[in-house]
Amino acid sequence: ARITPDSLPGRVAREYHRPRPAGSPPKRVARGKRPSTLERGAKVPGKAYPMPDHDLLTRRQDAWVDRAAPVLAHLDALCRAHSPVGCEREIDTVILDAIGPGASRIWQDAAGNVIAHFAGRSADAPLHLTAHKDELGLIVKRVEPDGRLRVQALGGLYPFKWGEGLVDVLADGGGTVTGVLSFGSLHVSEESPVEKVKAGREPMVWRNAWVDCKRSRNDLASLGVHAGSKVVPARTRKAPVVLGDFVCGHALDDKGGVAILIEVAARLAHEPPPQDIYLVISSMEEIGSGSAIYATRTIPGDRLIAVEIVPAMPEYDIVNDDRPVILYADSTNVYDESVANRAAALAHGLGIDVQRGVLSSYGSDASMSKKAGAAPSIGLFGFPTENTHGYEISHLGGIVNCLEVVATYAYDA
């Protein structure tokens with residue numbers, strides 16, 4: 001690897017180079033056998049994914065758990081890495097280390113996106129695959145004289161989705177300060193604002209919540225905590241947990257999608273695709289910042305496929321099972337029917353049933369990019385998920401089969 005931090009504009013972390021494949025035919029993989037990063041012996045940061053300490057679940061040997069093991073290993077490292085909107089430094093290192101060695105080139109652009117180029121057998125009509133690395137969080141609005149941190153949401157996050165509990169405040173210099181997200185005691189009268197919440201007359205809102213680090217205002221300032229500091233669930237709360245055929249945790253949106261693209265990257269490194277492929281691991285999607293739009297405007301290609309969670313809800317007729325989801329529309333845009341139908345046909349050829357979705361109150365980097373005129377052709381391949389924007393639950397089969405659909409589409413000439 002050649003590290004050239006000054007070779008590109010923006011916050012470039014590192015750059016790897018591999019030559020475009022020569023004219024000789026690429027090394028083939030045995031039919032039905034796809035290499036994972038674990039099988040290739042690549043370093044996977046973090047520990048193996050945890051299981052709850054219950055005998056019944058610990059003894060359970062589930063086929064989906066076995067098949068999902070490489071993705072789960074990446075997901076564990078990604079979920080443990082803090083990446084609130086606008087402060088994604090921890091997860092950047094995990095992604096660069098996981099994808100970089102196999103890419104033809106990898107860099108971080110001026111908008112904070114991590115972009116990996118995989119040279120194909122042709123440079124014509126490059127394909128973009130994207131998933132976002134940021135997670136929902138809070139931002140400190142002010143530090144009270146008593147040291148309490150008043151906060152507001154970054155993205156579509158509601159207090160009931162997190163509840164009271166430990167949080168990490170990301171301080172200057174890369175450190176964290178632990179605090180407690182607090183709503184107040186319930187043994188109160190109408191003199192206290194929380195009494196109206198207790199009586200059901202008002203919802204809990206962020207202006208009535210605070211983070212208590214049990215430190216003075218001066219202590220927090222000396223540690224690098226101030227207005228603008230970001231807040232996320234404490235690392236002790238973030239490790240994904242496997243429950244039977246399901247994985248659950250904070251920020252499966254969209255670290256599950258990033259984990260899928262890391263595994264796709266392993267396959268692209270092993271066998272060149274028909275056309276060049278760019279993986280865009282985008283920044284600040286949760287607030288619709290436009291970072292992915294910047295990326296799609298600065299790299300060649302006219303097809304953008306987002307890999308995302310999709311809400312499993314009766315109103316959409318989407319079930320949290322082993323069937324991946326192909327979107328046809330969301331509240332921001334309409335996805336290209338030719339892309340969606342081709343993906344469904346490829347899935348059928350793999351023996352994978354799919355679910356088709358038309359969503360409300362939903363948008364993606366793909367749909368926002370097309371709306372901005374940065375991506376002429378878009379698609380979204382996802383995995384069904386419950387409790388979106390909270391403690392999310394996804395079927396392992398849905399993740400594994402979504403991976404297969406994305407990889408097969410990438411190799412579809």
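Start by selecting the buried residues of helix H3: Pro-70, Val-71, Leu-72, Ala-73, His-74, Leu-75, Asp-76, Ala-77, Leu-78 and Cys-79. Buried here means under 20% relative accessible area, with a 1.4 Å probe and protein chains only. This is a predicted model, where local features need pLDDT of at least 70, side-chain atom pairs count only at pLDDT 80 or more, and totals for chains, interfaces and linings use all residues. Residues are numbered from 1 along each chain as its sequence is written, and side-chain values use heavy atoms, with hydrogens and water left out.

Since 10 of its 12 residues are buried, H3 is largely enclosed by the rest of the structure. The cover includes helices H2 (63-67) and H4 (89-99), strands E10 (241-243) and E11 (246-250), plus H8 and H12.

Next, pick Ala-259, which sits in helix H8. What does Ala-259 touch beyond its neighbours within four places in sequence? Val-71, His-74, Leu-75 and Leu-78, where contact means heavy atoms within 4.5 Å. Ala-259 is buried, at 0% relative accessible area.

Last stop: select H8 (252-270) together with H12 (396-410). Their contact is made by Ile-260, Leu-261, Glu-263, Val-264 and Arg-267 of H8 and Ile-399, Cys-402, Leu-403, Glu-404, Val-406 and Ala-407 of H12.

Notes:
Axes fitted to C-alpha atoms, helices over the stretch in contact; angles between N-to-C directions. Helix = DSSP H or I, 4+ residues; strand = E, 2+ residues; numbered from the N terminus. Buried < 20%, exposed > 50% of the residue type's maximum accessible area, 1.4 Å probe, protein only.
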